[in-house]
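Below is a briefing on selected helices and residues of one structure. The sequence and the model come before the notes.

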Amino acid sequence: MIVFAHIFWNNVLPIATVVSVGILLQRLFNLDIRTLSKLSFYLFSPAVIFRLLYETAIPASLFGQVILFCLLFETLQFGAAETAARLRGNTGGRKAAMRNSVLFYNSANYGLPLNQLVFRGDPFTQSVQILIMVVQSLLPNTYGIYSVNAHRFGWRRTMKVIAAMPVIYAIPLGIGLRAGGAELPAFLRVPLDYVADGFFGFSLFTLGAQLGSMTWRITKAEALDVSLATALRLVGGPALAWLVTWLLGIDGLLAAALIVSSAVPSSLSSALLAVEFRNEPEFASQTVLASTVLSMVTVTLVIQLLGIV
């Protein structure tokens, strides 16, 4: 019960509060959702990822283990989501949106605070979570964009869209400057901090604005798809993560950090992609909302099953 209260009070309730503000202001002022999503993709996301990589020292051995885990884990998740979508008879945009809702999970503004709470600010587990965040930032800006556009546009046009995503360049730049020991001058560092500090709140507000713009009418078929995607993310995610750690012989603190990181709800990126490229925005937003609310229970159970606290 103490763990449940901590997760609810420190992680779920703050998220729900900012989302609620977004819903309220959207209802009052009819905000431009696509402008908000563009600000997230082209300004806030690359700034926060660059700063994390620039500031954090990550051991090379840990890098290899986490990347191998991510490759196997995402492959299994892709297979599970693809199978579920085909069984439901989903095609085109809905199938892509369902896959994205499962593959992309909230490793940043939910996963990072959760990691710090559960592992009490352990530097090792925080490095694990930052690597997960890098992967989860790169995937939506590459594969995610491809998946929601491939069924509508040609390969060349889709590649041009991907190449225009700043986060693709922010990742190697952050790693390179960190490795080279370069120090940012104040006229760059101060505005970087201003923008990066606003990432979490802005992304949650944008999700709320998208939810506020919806009609809140849901068909039986859509309710089934949302429920299925949510189950694959919250239950299938940690189950597959446990399987991958077992297959790779990963145990101890590293295994626990990887499994906890996989238990979080669908990422805001899946909803922002849907809004930005007009690909099932209501389904994607409803899945993010449902998985975030239900994660209060499922994440608590995962932590207790692992016996961390």
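Predicted model: local features only at pLDDT ≥ 70, side-chain atom pairs only at ≥ 80, totals over all residues.

Residues are numbered from 1 along each chain as its sequence is written, and side-chain values use heavy atoms, with hydrogens and water left out. Helices (H or I, at least four residues) are DSSP runs numbered from the N terminus.

**Helix 4**

- Helix 4 covers residues 92-103, and at 1.5 Å a residue its 12 residues should span 16 Å; the expected span is 1.5 Å times one less than the number of residues.
- The end C-alpha atoms of helix 4 are 17 Å apart, which agrees with that expectation.
- Among the buried residues of helix 4 are Arg94, Lys95, Met98, Arg99 and Asn100.
- The packing partners of these buried residues are helix 3 (60-87), helix 6 (123-149), helix 11 (220-248), helix 13 (268-276) and helix 14 (281-306).

**Helix 3 and helix 6**

- The axes of helix 3 and helix 6 cross at roughly 45° and come within 10 Å; axes are lines fitted to C-alpha atoms over the stretch in contact, with angles from 0 to 180 degrees between N-to-C directions.
- Helix 3 is therefore oblique to helix 6 (angles under 35 degrees count as roughly parallel, over 145 as roughly antiparallel, 65 to 115 as roughly perpendicular and the rest as oblique).
- On the helix 3 side, the residues that meet helix 6 include Phe63, Cys70, Glu74 and Phe78.
- On the helix 6 side, the residues that meet helix 3 include Phe124, Ser127, Gln136 and Tyr143.
- By class, this contact has 13 nonpolar, 2 polar and 1 charged residues (Ala, Val, Leu, Ile, Met, Phe, Trp, Tyr, Cys and Pro count as nonpolar, Asp, Glu, Lys and Arg as charged, and the others, Gly among them, as polar).

**Gln26**

- Gln26 lies in helix 1 (residues 2-29) and counts as buried because its relative accessibility is 4%.
- Apart from neighbours within four places in sequence, Gln26 is in contact with Leu31, Ile33, Ala209, Gly212 and Ser213, where contact means heavy atoms within 4.5 Å.

**Ile58**

- Ile58 sits in the loop between helix 2 (33-55) and helix 3 and is partly exposed, with a relative accessible area of 26%.
- Neighbours within four places in sequence aside, Ile58 is in contact with Ser127, Ile130 and Leu131.
- Ile58 and Thr245 are 187 residues apart in sequence and 20 Å apart in space, C-alpha to C-alpha.

Conventions:
Helix = DSSP H or I, 4+ residues; strand = E, 2+ residues; numbered from the N terminus. Buried < 20%, exposed > 50% of the residue type's maximum accessible area, 1.4 Å probe, protein only.
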